[in-house]
Amino acid sequence: MRAPCGAGRGPAPHVQDNETVKAAPPRDGPVTHGSPCGRGRLGRTRVPTGTGPQPGPARTGTDGTGGDMGRVTERRRVIRIRDGAVSARPDTLVAEEPLEIRLNGRPLAITMRTPGDDFALAAGFLVSEGVLASASDLLNIVYCAGATADGSNTYNVVDVRTAPGVAIPDITLERNVYTTSSCGLCGKASLDAVRTTARWPLADTPPVRVGPELLAGLPDRLRAAQRVFDRTGGLHAAALFTEDGELLDVREDVGRHNAVDKLVGRALRNGELPLSRAILLVSGRASFELAQKAVMAGIPVLAAVSAPSSLAVDLAAETGLTLVGFLRGSSMNVYAGEERVALRAAAAGG
């Protein structure tokens, strides 16, 4: 049985050879500094039951500070059927665990994510919420020590402390939400809310021009950089490219919105916001939330290998975001912001 998670319950420890294995801490440096956090909704744990040995987590991945953590993938026993032949074998799966994000000690949101880059994820999430705009807005981020009843740390609760004087929008404190890896913050905000909270209007950014041939080559470059996907086949990705097609950064997660938050959070902590000359590419579809995150980070071009939602197109048209969907091979659809795509050159070349 899988232990439930949510309010009042937390992620189950790993089970390896029928023994409880606690969540592995980051390997490099302290994971908490400043005041420890109190026990929250993800503080309690329940050990799942199994019928046999289960391989433990693979020792790969990064923690919130960038060090190895060992929870990006896990091994599970599967029954494999191929052309009528049945065999048992271990399979590598992407890890999925809840992360509770607290803002100045107050519970704010829970998201299901792939462990790793947790601090960047939390910072990027707060960029999209209009709380953080620069590295100076961020005082620190800590894993909550003693998050469970017995005082152990699950590494699934982080507290973001803002610098003195940083204004906290009411929307972030009033909306205590649960997010999922498939839809993000479903139905969370209106178009007006994004327009009024965006710090870097896209119309004010220097013009970016990209050719269709450059866009066409980005999905293959993203796929080549997906290390964990190669082992699991079950992970989304997001990448930042320059207007010349140079890969700047790539992150993987069970949720596209988490992968984007990790990118934006890393850029915030490196002092690189706004990303006014960048192209954001996401695997899968382009939802309203992904378009919102691009706008809030000052990214002028969002491309997706699948379809956008109608609300994502509306938001792109309202804010001046260039939105490209169904980016597959040399084919693509430009849904908004076509002025940034060299369409005439493409037509002449065809």
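Which residue in strand 14 does Leu302 stand opposite? Leu302 stands opposite Leu323. Let me build up to that pair.

Some ground rules. This is a predicted model, where local features need pLDDT of at least 70 and side-chain atom pairs count only at pLDDT 80 or more, while totals for chains, interfaces and linings use all residues. Residues are numbered from 1 along each chain as its sequence is written, and side-chain values use heavy atoms, with hydrogens and water left out.

The overview. The protein has 9 helices and 15 strands. Helices (H or I, at least four residues) and strands (E, at least two) are DSSP runs, numbered from the N terminus. Of the 350 residues, 52% are buried. Buried means under 20% relative accessible area, with a 1.4 Å probe and protein chains only. Now contacts, meaning heavy atoms within 4.5 Å. Take those between residues at least 6 apart in sequence: 60% join residues at least 24 apart.

On to a sheet. Strands of a sheet pair through backbone hydrogen bonds, either parallel or antiparallel. Here we say two strands pair if DSSP finds at least two bridges between them.

Next, strand 8, residues 157–162. Is it mostly covered or uncovered? Mostly covered: 5 of its 6 residues are buried. Strand 5 (residues 97–103) joins strand 8 by 4 bridges, in parallel. There, Ile101 stands opposite Val158. Strand 7 (residues 138–143) runs antiparallel to strand 8, with 5 bridges. Leu138 has Thr162 of strand 8 as its bridge partner.

Last, two helices. Helix 7 (residues 288–296) and helix 8 (residues 310–319) pack at about 25°, axes 7 Å apart. Axes are lines fitted to C-alpha atoms, for helices over the stretch in contact, and angles run from 0 to 180 degrees between N-to-C directions. Helix 7 and helix 8 are therefore roughly parallel, a label for angles under 35 degrees. Who makes the contact? Helix 7 brings Phe288, Ala291, Gln292 and Val295. Helix 8 brings Leu311, Ala312, Leu315 and Thr319.

That's the tour. Thanks.

Key: Angles under 35 degrees count as roughly parallel, over 145 as roughly antiparallel, 65 to 115 as roughly perpendicular and the rest as oblique. Buried means under 20% relative accessible area, exposed over 50%, partly exposed in between (1.4 Å probe, protein chains only).
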